[in-house]
2 protein chains.
Amino acid sequence: MKRSYAIVGTGGVGGYFGGRLALAGHDVRFLLHSDFEYVREHGLSVKSHSGDFALPSVQAYSRVEDIGPVDVVVVCLKTTSEGLLSTMLPPLLKPTSLVILIQNGIGVEAEVERLVPGARLVAGLAFICSAKVGPGKIDHQFYGNINLAPYNLSPDDLTVLDEVAEEFRASGVPIKVMDYALARWKKAVWNMPFNGLSVLLRCQTDTLVAEPAVNLVRDLMREVVHAAQVCGAPDLKESFIDAMIESTRQMPPYSPSMRLDYDFHRPMEIEYLYRRPISMARAAGCEMAKMEMIEQALSTIEAAKL
Amino acid sequence: MKRSYAIVGTGGVGGYFGGRLALAGHDVRFLLHSDFEYVREHGLSVKSHSGDFALPSVQAYSRVEDIGPVDVVVVCLKTTSEGLLSTMLPPLLKPTSLVILIQNGIGVEAEVERLVPGARLVAGLAFICSAKVGPGKIDHQFYGNINLAPYNLSPDDLTVLDEVAEEFRASGVPIKVMDYALARWKKAVWNMPFNGLSVLLRCQTDTLVAEPAVNLVRDLMREVVHAAQVCGAPDLKESFIDAMIESTRQMPPYSPSMRLDYDFHRPMEIEYLYRRPISMARAAGCEMAKMEMIEQALSTIEAAKL
């Protein structure tokens with residue numbers, strides 16, 4: 001049996017990973033919105049630091065009903081559209097379908113479970129710098145691996161997940177399968193400081209890993225580590241902070257996704273990047289004071305259009 | 001005996017209060033820097049919500065040595081120039097001179113005591129919106145009262161301070177004399193949230209007293225009140241927070257002084273508005289987490305010229 005994939009949201013992330021799978025010959029169906037006509041006609045082209053490639057013809061769709069049920073749904077939507085999944089997911093699901101949520105933040109699986117009861121969910125943590133730079137045009141700048149973390153899978157689902165992971169790997173996408181809470185919170189250690197501060201301070205990662213900002217970044221990361229430890233990821237250690245700072249220092253100056261959202265006047269992912277983890281940590285007895293201040297400042301920026 | 005005054009720093013604050021004293025006929029000697037020539041020739045003119053006035057001729061000086069010892073030194077310099085006082089104050093002092101420090105922040109008296117041992121210091125908390133809008137031109141927008149708070153005065157000094165306060169009052173400047181720590185920390189309840197946030201969020205007071213920012217402002221004020229309670233001002237109560245929010249809501253949209261410093265590329269008063277009170281509170285066992293984050297963000301803005 002050839003496995004079918006639906007890519008829900010063909011932007012920098014969905015376009016790149018879906019493109020890799022399609023390039024390797026998999027059945028990949030791309031859901032598109034504004035770029036649908038263009039991509040149906042011209043396909044996708046990917047400029048990538050791990051090798052450029054073009055897909056002159058791809059399976060392009062503008063409606064989930066036309067895609068139909070698939071084996072694997074890869075959700076690459078911003079969490080600011082999370083509510084849409086209650087209507088978008090069901091037409092794509094067979095009883096055995098896996099849903100990989102390549103989305104930022106904490107609490108997205110719980111929300112999708114609420115919206116689509118029974119869906120078999122996998123967290124997808126993408127470590128990638130990639131952006132859509134025009135219709136059907138993806139610019140993949142660096143990194144490009146995924147951590148998959150099963151959220152509510154049965155033993156049978158887990159076997160399927162391993163096969164899916166192997167298909168990604170064989171397509172040129174490094175994949176690790178790991179513990180759910182650990183995976184989500186590890187990503188949050190990077191996401192929570194860098195996304196918010198890059199908006200608040202109108203700067204890029206290079207400024208944030210330099211003195212004096214790096215002290216604030218460390219404080220914020222420490223809050224995330226402490227929250228993680230009481231929220232199901234006791235194995236996340238403070239030593240991870242140095243690794244994150246160091247790997248960010250190796251990157252060229254980078255604008256995190258929330259900074260791009262801010263710059264392009266798109267809604268920011270404040271809910272899942274900040275509000276949910278902060279309230280989850282609080283419920284577990286852990287205050288994230290500085291993180292809460294970022295949330296309050298971002299909410300002000302959004303409300304007052306600053 | 002006619003009491004002599006020196007105004008050290010003839011900007012929006014020094015120009016207004018010194019101008020009121022001079023208008024009432026007192027011996028007031030103004031220290032000027034860039035505006036010295038202009039003011040010597042044309043005097044001061046003050047546009048004021050409590051009545052415009054002009055002083056076509058004032059005692060203008062460019063060097064403290066030319067002013068000589070006076071009875072009362074009123075320091076209206078930014079704390080970013082605090083170090084200058086070690087050389088500027090001594091030529092102005094008689095053994096009995098009072099030094100009123102109309103400056104923002106916490107810890108300025110301790111610093112001046114270190115720089116000029118033996119100086120008789122009074123904290124001056126100005127509640128005023130006033131700016132220098134051109135050489136010798138002051139625009140006084142609203143408020144205009146001072147709280148004076150003796151720092152290290154003898155009983156004889158206190159008697160003199162009461163007379164000085166009376167001379168201010170008779171000149172049209174409402175004055176209260178009050179407890180030192182309470183006076184400084186009360187001002188900090190307003191200063192610490194509004195100054196930093198107006199820079200960080202590039203907004204004015206009106207945005208900060210509206211939802212959702214006002215929740216952050218309240219959190220920050222609560223940190224100041226708790227710090228005050230362990231730093232010598234146990235009588236400062238949380239109920240003061242509502243009063244501060246309410247009175248700020250009565251003001252027209254306003255840019256606090258740090259926002260003006262930021263906009264005009266002047267150094268910001270981070271040291272005395274944030275670092276000193278935060279470390280004083282920490283030494284007393286009280287963490288000001290969100291306030292520390294403001295300090296870290298402002299330090300980054302200053303260091304990276306954001």
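# A tour of the interface between chains A and B

Across the interface of chain B and chain A, the rule finds two salt bridges. Keep in mind that this is a predicted model.

**Stop 1: a bridge between chains.** Select A:Lys290 and B:Glu292. Their side chains meet in a salt bridge. The N to O distance is 2.5 Å. A salt bridge here needs that distance to be within 4 Å, and this pair is at 2.5 Å.

**Stop 2: the helices at the contact.** Which elements of chain B give two or more residues to the side that touches chain A? Select helix H7 (180-200), helix H9 (213-230) and helix H13 (289-303) of chain B. H13(B) gives the most, with 11 residues.

**Stop 3: the whole interface.** Now show both sides together. In chain B, 24 residues are in contact with 24 residues of chain A. The area buried between the two chains is about 2000 Å². Carbon and sulfur atoms give 75% of that area. Look for polar contacts too: six residue pairs make them between chain B and chain A, both residues at pLDDT 80 or more.

**Stop 4: the axis.** Zoom out to see both chains. Two copies of a chain are related by a rotation about an axis and a shift along it. The same surface serves both copies: 100% of the contact residues of chain B recur in chain A.

**Stop 5: a bridge inside chain A.** A:Asp219 lies in helix H9 (residues 213-230) of chain A and A:Lys290 in helix H13 (residues 289-303) of chain A, so the pair ties together parts that are 71 residues apart in sequence. Over all chains, the count of salt bridges comes to 54.

**Stop 6: charges over rings.** Select A:Lys187 and A:Phe127. The lysine lies over the face of the ring, at 5.3 Å from the ring centre. Now pick B:Lys187 and B:Phe127. The charged end of B:Lys187 sits over the ring of B:Phe127, 5.3 Å from its centre.

**Stop 7: an aromatic cluster.** Which residues do ring pairs link into a cluster? Select A:Phe142, A:Tyr143 and A:Tyr254. Over all chains, the structure holds 12 aromatic pairs.

Note on methods
Residues numbered from 1 in each chain as written. Chains lettered and ligands numbered in written order. Predicted model: local features only at pLDDT ≥ 70, side-chain atom pairs only at ≥ 80, totals over all residues. Heavy atoms only, no water. Phe/Tyr/Trp six-rings, centres within 6.5 Å; stacked < 30°, edge-to-face > 60°. Lys NZ or Arg CZ within 6 Å of the ring centre and 35° of its normal. Contact = heavy atoms within 4.5 Å. Buried area = accessible area lost by both parts, 1.4 Å probe. Polar contact = N/O pair within 3.5 Å; in protein donor to acceptor, adjacent residues only side chain to side chain. Helix = DSSP H or I, 4+ residues; strand = E, 2+ residues; numbered from the N terminus.
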